[in-house]
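Hi,

Here is the structure I promised to pass on.

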Amino acid sequence: MMLGGKPAGRHTEQHDIFFGIGESPKSLVNEINSFWPEAKGKLHVDAWREVTSVNGCRVEVIVKAGGVNVVNQQKLFFINLGGYQEGLFDEPHFKVITAQPDKAKAIAYAKSTVFYREVHFPGAESHIDDKYGIDVDDLYEIEEILPNDQKQKYALQIAPANTELPEDQIHLGYFKLNALP
């Protein structure tokens with residue numbers, strides 16, 4: 001989910017990305033508020049996606065019960081790319097979720113995106129946020145950034161799909177937390 005809010009003392013809306021496991025977006029409201037306590041419950045969702053299919057892999061949530069041990073050849077990575085366009089007083093961003101065996105492959109995938117190749121100009125290069133150039137510190141394995149209680153309870157199973165999977169639907173708009181589906 002891409003969360004939006006305007007914490008006290010800010011002049012513009014701020015955004016952050018929240019990953020969680022739930023039956024529905026609405027079932028994650030408590031975790032969302034815990035994730036961004038500075039917003040004091042004044043948050044909304046600008047975009048959300050149920051992640052079920054990434055790079056030809058099926059993504060499933062497995063309950064860690066009875067000693068279930070999930071071993072994946074692929075891991076899910078989240079990358080926040082930043083770039084620049086001449087004359088635009090802004091830093092456009094492109095969020096990437098990719099299934100790759102390791103961080104090096106995830107970085108290579110990020111570098112292959114149209115955004116990374118085209119949203120820059122000399123002196124203002126595309127990058128993974130917070131560092132100049134590609135830096136593994138700005139790349140997150142999604143299972144590691146889930147809320148702590150969810151990391152204890154669930155695992156992600158990522159496996160190549162035998163058939164072509166439909167793309168995940170991306171939901172865009174202004175969703176108040178109390179009106180999430």
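A contact here means heavy atoms within 4.5 Å. Among contacts in the chain between residues at least 6 apart in sequence, 66% join residues at least 24 apart.

Before the rest, some housekeeping. This is a predicted model, where local features need pLDDT of at least 70 and side-chain atom pairs count only at pLDDT 80 or more, while totals for chains, interfaces and linings use all residues. Residues are numbered from 1 along each chain as its sequence is written, and side-chain values use heavy atoms, with hydrogens and water left out.

Now the overall picture. The chain has four helices and 11 strands (DSSP runs numbered from the N terminus: H or I of at least four residues for helices, E of at least two for strands). The radius of gyration is 17 Å, close to the 16 Å that the globule rule gives for 181 residues, so the chain is as compact as a globular protein of that length. That radius is taken over C-alpha atoms, and the rule is 2.2 Å times the number of residues to the power 0.38. Along the principal axes, the C-alpha atoms fill a box of roughly 55 × 40 × 30 Å. Of the 181 residues, 39% count as buried (under 20% relative accessible area; exposed is over 50% and partly exposed is in between, with a 1.4 Å probe and protein chains only).

On to the packing. A nonpolar core is a set of buried Ala, Val, Leu, Ile, Met, Phe, Trp, Tyr and Cys residues joined through side-chain atoms within 4.5 Å. In the largest one, with 15 residues, Phe-19, Leu-76, Ile-97 and Ile-158 touch the most other members. Two or more residues each come from E5, E6, strand E7 (93-100) and E10, and E10 gives the largest share, three residues. Apart from this core lies another of 14 residues, among them Phe-18, Trp-36, Trp-48 and Phe-175.

Phe-19 is worth a click. Leaving out residues up to four places away in sequence, Phe-19 touches Phe-78, Ile-97, Ile-142, Ile-145, Leu-146 and Pro-147. As for rings, those of Phe, Tyr and Trp (its six-membered ring) pair if their centres lie within 6.5 Å; planes under 30 degrees apart are stacked, over 60 edge-to-face and the rest tilted. That rule gives three aromatic pairs. One of them is edge-to-face: Phe-19 with Phe-78, at 5.3 Å centre to centre and 65 degrees between the planes. Phe-19 sits in the loop between strand E2 (14-17) and helix H1 (29-35) and Phe-78 in strand E6 (residues 75-82), so the pair ties together parts that are 59 residues apart in sequence. Both residues are buried.

There is also an open sheet of three strands, ordered E4-E5-E10 with antiparallel pairing (strands pair if DSSP finds at least two bridges between them). Strand E4 (53-54) and strand E10 (154-160) are at the edges with a single partner strand each, so one side of each has no neighbour in the sheet. Two bridges join E4 to strand E5 (residues 57-63), and Val-54 stands opposite Cys-57 in E5. In the loop between E4 and E5 you'll find Gly-56, which is partly exposed at 47% relative accessible area.

Last stop: His-44, in strand E3 (residues 43-49), is buried at 5% relative accessibility.

Cheers
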